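User: I'd like to go through this one with you before I set anything up. Can you take my questions as they come?

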Amino acid sequence: MRIGIGLRLDGRKRVGPGVPTIRMSGTNTTDAASIGDLVGTLSVSGGTGSETFTLTNDAGGLFSISGTSLEVAGSLTA
């Protein structure tokens with residue numbers, strides 16, 4: 001299953017030639033996932049400061065962020 005999710009990164013400043021980049025480990029889930037299941041853990045490379053993650057698109061309420069965790073927030077079955 002592939003779903004596009006928009007993420008925004010607040011609180012990081014550009015440092016050097018690169019820009020801050022959001023990374024997510026564990027990017028797989030199945031349509032059998034339950035609400036609250038972990039999809040992946042978010043982190044940032046580059047930049048300085050602390051980060052706050054927010055979803056710019058939650059795929060119709062299917063996903064949410066808790067701290068650095070992207071979680072299932074709604075039923076993924078059709």
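Analyst: A term to settle before we start: two strands pair if DSSP finds at least two bridges between them, and strands themselves are DSSP runs of E with at least two residues, just as helices are runs of H or I with at least four residues, both numbered from the N terminus. With that in place, three bridges join β3 to β6, and these strands run antiparallel. This is a predicted model, where local features need pLDDT of at least 70 and side-chain atom pairs count only at pLDDT 80 or more, while totals for chains, interfaces and linings use all residues. Residues are numbered from 1 along each chain as its sequence is written, and side-chain values use heavy atoms, with hydrogens and water left out.

User: ok, what does the secondary structure come to overall?

Analyst: The protein has zero helices and six strands, and along the sequence the pattern reads β-β-β-β-β-β.

User: and in what order do the strands of the open sheet sit?

Analyst: The open sheet has four strands in the order β2-β3-β6-β5, with antiparallel pairing. Its edge strands are β2 (21-25) and β5 (63-66), each of which pairs on one side only. On average, neighbouring strands of this sheet are turned by 30° against each other, direction ignored; for that angle, axes are lines fitted to C-alpha atoms, for helices over the stretch in contact, and angles run from 0 to 180 degrees between N-to-C directions.

User: how many bridges join β2 to β3?

Analyst: Five bridges join β2 to β3, and the two run antiparallel. S25, which lies in strand β2, has T41 in β3 as its bridge partner, and the C-alpha atoms of S25 and T41 are separated by 5.3 Å although the residues are 16 apart along the chain.

User: what else is S25 in contact with, and how accessible is it?

Analyst: Taking contact as heavy atoms within 4.5 Å, and leaving aside neighbours within four places in sequence, S25 is in contact with V39, G40 and T41. S25 counts as partly exposed because its relative accessibility is 43%, given that buried means under 20% relative accessible area, exposed over 50%, and partly exposed in between (1.4 Å probe, protein chains only).

User: what about L42, buried or exposed?

Analyst: L42 counts as buried because its relative accessibility is 3%. L42 is placed in strand β3 (residues 38-45), and its C-alpha atom is separated by 9.3 Å from that of G26, 16 residues apart along the chain.

User: switching to the β5 side: how is β5 joined to β6?

Analyst: β5 and strand β6 (residues 69-72) are joined by four bridges and run antiparallel. F63 stands opposite V72 in β6, and I65 stands opposite L70 in β6. The hairpin of β5 and β6 has two residues between the strands, and G67 there takes a positive phi near 65°.

User: which residue other than glycine has a positive phi?

Analyst: A59 is such a residue, with phi near 55°. A59 lies in the loop between β4 (52-57) and β5, and it counts as partly exposed because its relative accessible area is 23%.

User: what does G61 touch?

Analyst: G61, found in the loop between β4 and β5, is in contact with A73 and G74 once neighbours within four places in sequence are left aside.

User: which residues make up the largest nonpolar core?

Analyst: The largest nonpolar core consists of six residues, A33, V39, F63, L70, V72 and L76. A nonpolar core here is a set of buried Ala, Val, Leu, Ile, Met, Phe, Trp, Tyr and Cys residues joined through side-chain atoms within 4.5 Å. Not counting residues up to four places away in sequence, V39 touches S25, G26, T27, N28, T29, F63, L70, E71 and V72.
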